[in-house]
Amino acid sequence: MSRFRPPSIPPSQITDETVWKKRRRIMQAAGVLGAGVLLAGITEAGRGGGRKKEDDRLEPTPYRYITTYNNFYELGTGKREPAENAHYLTTRPWSIEVSGECEKPGTLDIEDLPRLFPTEERIYRFRCVEAWAMVVPWEGFPLSKLLKRFQPTSKAKYVEFRTLYDPERMPGQKRNVLPWPYVEGLRMDEAMHPLTLIATGLYGKPLPAQNGAPLRLVVPWKYGFKSIKSIVSIRFTEKQPRNTWHVLQPDEYGFYANVNPAVDHPRWSQKRERVLGSGIFADKQPTLPFNGYAEQVAGLYRGMDLRKYF
Ligand SMILES: Nc1nc2c(c(=O)[nH]1)N[C@H]1C(S)=C(S)[C@@H](COP(=O)(O)O)O[C@H]1N2
Ligand SMILES: [Mo]
């Protein structure tokens, strides 16, 4: 893992963030916060800590860090390469094929998504397995809404996701650094959980290519590699899907990949994490079980040995 260098800041991106903050203040004043924000606030309210909303305590990471320090091997393995190569990834037209164990397999056109699935803002922590962390104001909708539309059968125990395979638009795929296409999977109950999001934007703007345009998964209690980008296929399966990083290095990356300070990566500690943009002299902060979402999701794994199912 190379040391983080603060990126140079194009003026356009500074403006994005300022506009977003202004708009948010107006929204807060008007009391129009989305359901996602209320949901994220469950943790805080549950402690009897008054009505302070979870996202009030989460200071979003600046736009320039979220969009210039990326993991997206299809656009290059360096942290800055995905932003530099973003122009290769054209995202129109785009469709998503939904298949497998469901009553109504079919195809979704990206142009129809806003009408079918209105988006809301979700401010989530995001934690990469490499021990860096950020807070992202996503724009998106619950994955469960999309999945229900295709009526999964009782045989659907898992959901498998695939990224676009097109080496012309994803030049990183011309090299064999990963088995292409990138594949990820969730257990059905994880996929249907209200925190599990399909993101189509961030900071109130369409998702930049380097962050997985036009749509990507966001599972905030799992390591970032589960949050697969630029999805073209979703398949309901009976068997546990094989996920890319697990196939590559099964001892280092599991299927579940729940954020867990008690289970170290074989090559580094997971006890602490570096906050993106905090500067190289800043202290790391403690990693939280399930990345801070334990109250909402720990029940999904009751009775499971999280050292075995890492
Ligand atoms: N298709 C695809 N999805 C991917 C990746 C990738 O290389 N290819 N990297 C993963 C990893 S390791 C992380 S940490 C997150 C990074 O998301 P971000 O660049 O938006 O922060 O995307 C995940 N999704
Ligand atoms: Mo990651």
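1. The model is a predicted one, and side-chain atom pairs were counted only at pLDDT 80 or more. The contacts listed below should be read with that cut-off in mind.

2. The largest pocket has a volume of about 550 Å³. It is lined by 29 residues, and those closest to its centre are Asn71, Cys128, Glu130, Phe225 and Trp245. Strand S4, residues 132–142, gives the most to this lining, with 3 residues.

3. By class, the lining of the largest pocket is made up of 17 nonpolar, 7 polar and 5 charged residues.

4. What sits in the largest pocket? Ligand 1 does. There are 18 residues around ligand 1, and Asn70, Tyr73, Glu74, Thr163 and Lys229 come nearest. The shell around ligand 1 has 9 nonpolar, 6 polar and 3 charged residues.

5. Asn70 has a polar side-chain atom 2.8 Å from an oxygen atom of the ligand. For Asn211, a polar side-chain atom lies 2.9 Å from an oxygen atom of ligand 1. In the side chain of Arg216, an N or O atom is 3.1 Å from a ligand oxygen atom. Taken alone, ligand 1 exposes 530 Å², and the protein buries 98% of that.

6. Two cis peptide bonds deserve a look in the backbone. One runs from Trp180 to Pro181, with omega near -5°. Pro181 is placed in the loop between strand S5 (158–163) and strand S6 (183–187). Another cis bond joins Ala213 and Pro214, where omega is about 0°. Pro214 is found in the loop between strand S8 (205–206) and strand S9 (216–218).

7. Ala131 is not a glycine, yet its phi is positive, at about 75°. Where is Ala131? This residue lies in the loop between strand S3 (120–127) and S4. Most residues other than glycine have a negative phi, and most peptide bonds are trans, so the backbone features in this point and the one before it are worth checking by eye in the model.

Key: Residues numbered from 1 in each chain as written. Chains lettered and ligands numbered in written order. Predicted model: local features only at pLDDT ≥ 70, side-chain atom pairs only at ≥ 80, totals over all residues. Heavy atoms only, no water. 1 Å grid on protein atoms, 1.4 Å probe; cavity = no way out; pocket = protein on both sides within 12 Å on 5 of 7 lines; lining within 4 Å. Points joined across faces, edges and corners; volume = space filled by probe spheres on them. Helix = DSSP H or I, 4+ residues; strand = E, 2+ residues; numbered from the N terminus. Nonpolar A, V, L, I, M, F, W, Y, C, P; charged D, E, K, R; others polar. Near = heavy atom within 4 Å. Polar contact = N/O pair within 3.5 Å; in protein donor to acceptor, adjacent residues only side chain to side chain. Areas by Shrake-Rupley, 256 points an atom, 1.4 Å probe, with all protein chains shown as cover. Sits in = over half its atoms within 2 Å of the grid points.
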